[in-house]
Amino acid sequence: MSAAGYVLLDDRGVLALHGGEARAFLQGLISNDVTGIREDRAGYGALLTPQGKFLFDLFIVQEGAQLLLEAEGARLEQLLRRLLMYRLRTKVDIEDVSARFAVAALIGDEVAGLLDLPERPGAARALEQGLVFIDPRLARLGARALLPKHAAAAMLADLGFQEVGHAGYERLRLTLGVPDGSRDLVVEKSTLLESGFEELNGVDFAKGCFVGQELTARMKYRGLVRKRLMPVTFTGAPPPPGTIIRLREREAGEMRSGIDGQGLALLRLEQVEKAKAEGAPLMAGDTEILPVAPAWVSP
């Protein structure tokens, strides 16, 4: 991908956490280590059920003395309620600051240079009254920006970014095999390791306890990952999310999001290997599905 473009992500929202115990509060809840978040380093993680199933994924950045959480806008109120449920007597204030920020994804080969950031996942810096950071999941995804809503487009144009269609970002994300929240992860059902969170810098097994840690650690240390969210290619219209994928008469997985011949699917690894060995197609209805393991996935 050449040059540098931006797409405004109108489906995202932002919460602010501040108070003397804000960092410790978040550290005990989410899957990643919050102690390493600084003004020059952003992070990514998830909030799980106590049983270790996916609830929310989020980006974490520091702005002055407060932490900002960027998450799905349509589910932001649910996230806020969940955090307030855990707050109890902790000295932390949580507020919705979505009205202040526009969220943008920045893609292209020149992104890091235009932002004056090292091409390293999570590298961050302040930008006037906002923040920019290299995507903490994969540097190849480009960067993200939280900028003043009234000035975001002008600020990005001044930096040399051109507005591009949302489809360009979607194709990049899907080609790399990176999930987009509850579009690709089933709430209260998906697990982090099946969804690539370890390789995508979304879980830290050395940080200590977090909600849902027991199942996540057990899956890792006992080798219990039997399915993986993987990029797939196909011809024609994307099979609808939830379409069952089969190897002959056996269920092999399930489609997630897709666009322009590229998609994501949760696939049973045993069936993927069997299809490869037998030269048999994986089918989502009448559509043949070809899995392509991304380079960042552990063997």
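Which strands and which helix do the buried residues of helix 2 pack against? The views below are taken from a predicted model, in which local features need pLDDT of at least 70 and side-chain atom pairs count only at pLDDT 80 or more, while totals for chains, interfaces and linings use all residues. Residues are numbered from 1 along each chain as its sequence is written, and side-chain values use heavy atoms, with hydrogens and water left out.

**View A. Helix 2 and its buried side.** Helix 2 spans residues 76-87, where helices (H or I, at least four residues) and strands (E, at least two) are DSSP runs numbered from the N terminus. L76, L79, L80 and L83 are buried in helix 2, meaning under 20% relative accessible area with a 1.4 Å probe and protein chains only. These residues lie on the same side of helix 2 because they cover an arc of only 100° around the axis, taken from the directions from the helix axis to the C-beta atoms.

**View B. Partners of helix 2.** The buried residues of helix 2 pack against helix 1 (22-27) and against strand 2 (12-18), strand 3 (43-48), strand 4 (54-63), strand 5 (66-72) and strand 6 (93-96), contact being heavy atoms within 4.5 Å. Just after helix 2, L88 takes a positive phi of about 50°.

**View C. The closed barrel.** Six strands form a closed barrel in the order 12-15-14-13-16-17, with antiparallel pairing, two strands being paired if DSSP finds at least two bridges between them. Strand 13 (residues 244-247) and strand 14 (residues 250-259) pair in the antiparallel sense over four bridges, and E254 in strand 14 is the bridge partner of I244.

How values were computed:
The expected span of a helix is 1.5 Å times one less than its number of residues. Buried means under 20% relative accessible area, exposed over 50%, partly exposed in between (1.4 Å probe, protein chains only).
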